[in-house]
Amino acid sequence: MKRDAPSGRRAVLVVGICALLGAVAAFGPVGAAAAGHGSDPVSAIAQQYVSEEEYVEAVPEQGDPYFEAAADDGSWISYTNPRDDYRMPYLGEGSGKMCVTLVNEAGQPVSGESVPDTTVTIPTGESLSWHQGADPFTVEYPLTDNYNRPMDGDQFGTSELPQGDGYLDSHCVEWHGLPEDETVEYGEVEIEGPHADQIELVGYIQQANQDWKSDIDPLEAAEPYEEAGGSWTYTPDGSHGDMVAVLQLDGDADIPVNETDGNADDGTGTGSGSDTDTGDNDGDSGTDSTNDTDTVPGFGVLAAVGALLAAVVARRRG
């Protein structure tokens, strides 16, 4: 059998090594990213981008126009809400609120600028038919264009505050003056508009009868409508209740997220002190962290291939 000429074998070898180098250059960074973020590189990359930047607004502090009141024992804080209404005649101490929280793909609260002309509607039933902002409760996006106070509730967070984390995250209606044996009902969320398919209904969080928990992740705590309950009844020792409908964007995620916030990983959607300067760092943070992890593995493989090439050449010369 005829053997290949040495020059032919060298040519094939060089072509093969070049192809390998090209593959390493093309896929090395992706492989490194996958190793650093888990076994699914596609979802790992997608988690670094959102379709709308986080809406950051600190809650009013005492002395601000929208600061309303706080409990002496620090058990609650109340902020003025233009959608807060008092029943006339005033029939009892039953009070409550109904909110919508819209978060981006990283779990951060947003105002809906990426889904203009979208309407979210929640039927509220006969018990709230007297309320000017209910029957039904309607939210129009973007909040910043349609309301003089886009967000008024700090419903979620893990700080030491009585509720929330010090940053507004929800758009709500509130009410006072219901009898303490009244039942408040609400229907399922309806989403309409040209961008309705870019909003996912995650679920509902119902907290009735003075059950006030804000140190929760809205994406994890949200339940299907049937499990949440769809209603609650006031009692003399439980005259407050609230419900939050949690929505999440699922659009064109092409805005980098500042990974130092930790929001892309834990999906908390809460603001923090570092969130106020994310505008300058969002693009840099995601890129820098990826490059730092990718360069070492990529060049390591290139070095190994270079050593292999040198050994082959030396052998041929020998």
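**Nonpolar patch.** I looked for nonpolar surface first. Y86, M88 and Y90 make a nonpolar patch of about 360 Å². My patch rule takes residues with over 30% relative accessible area and no salt bridge, joining nonpolar side chains (Val, Leu, Ile, Met, Phe, Trp, Tyr) within 5 Å and like charges within 9 Å. Areas come from the Shrake-Rupley method with a 1.4 Å probe, and for residues only the protein chains shown count as cover. M88 sits in the loop between β4 and β5. Helices (H or I, at least four residues) and strands (E, at least two) are DSSP runs, numbered from the N terminus. M88 counts as exposed, at 69% relative accessibility. I use buried for under 20% relative accessible area, exposed for over 50%, and partly exposed in between.

**Ground rules.** This is a predicted model: local features need pLDDT of at least 70, side-chain atom pairs count only at pLDDT 80 or more, and totals for chains, interfaces and linings use all residues. Residues are numbered from 1 along each chain as its sequence is written, and side-chain values use heavy atoms, with hydrogens and water left out.

**Cis peptides.** M88 is joined to P89 by a cis peptide bond, omega about 5 degrees. P89 is in the loop between β4 and β5. I found another cis bond from D135 to P136, with omega near -5 degrees. P136 belongs to the loop between β6 (118-122) and β7 (137-141).

**Positive phi.** D117 is not a glycine, yet its phi is near 65 degrees. The loop between β5 and β6 holds D117. N209, also no glycine, has a positive phi of about 60 degrees. I placed N209 in the loop between β11 (199-208) and α4.

**Salt bridges.** How many salt bridges does the whole structure hold? I found two. The rule asks for a side-chain nitrogen of Lys or Arg within 4 Å of a carboxyl oxygen of Asp or Glu. R149 pairs with E57, and their closest N and O atoms are 4.0 Å apart. R149 lies in the loop between α3 (143-146) and β8 (171-178) and E57 in the loop between β1 (49-50) and β2 (67-70), so this bridge ties parts 92 residues apart in sequence. R149 is buried at 3% relative accessible area, while E57 is partly exposed at 25%. R83 and D152 form a salt bridge at 2.5 Å, N to O. Both R83 and D152 are buried.

**Aromatic pairs.** I counted seven aromatic pairs. Rings of Phe, Tyr and Trp (its six-membered ring) pair if their centres lie within 6.5 Å; planes under 30 degrees apart are stacked, over 60 edge-to-face, the rest tilted. Y186 and W232 have ring centres 6.4 Å apart and planes at 55 degrees, so I logged the pair as tilted. Y186 is in the loop between β9 (183-185) and β10, W232 in strand β12 (residues 231-233), 46 residues apart. Both Y186 and W232 are buried. Ring pairs link W175, Y186, Y204, Y225, W232 and Y234 into a cluster.

**Negative patch.** E188, E190, E192, E223, E226 and E227 form a negative surface patch. Asp and Glu count as negative, Lys and Arg as positive; His and the chain ends are not counted. I took each charge at NZ of Lys, CZ of Arg, CG of Asp or CD of Glu. β10 (190-192) and α5 (225-228) each supply at least two residues of this patch. E223 lies in the loop between α4 (218-221) and α5.

Note on methods: Buried means under 20% relative accessible area, exposed over 50%, partly exposed in between (1.4 Å probe, protein chains only).
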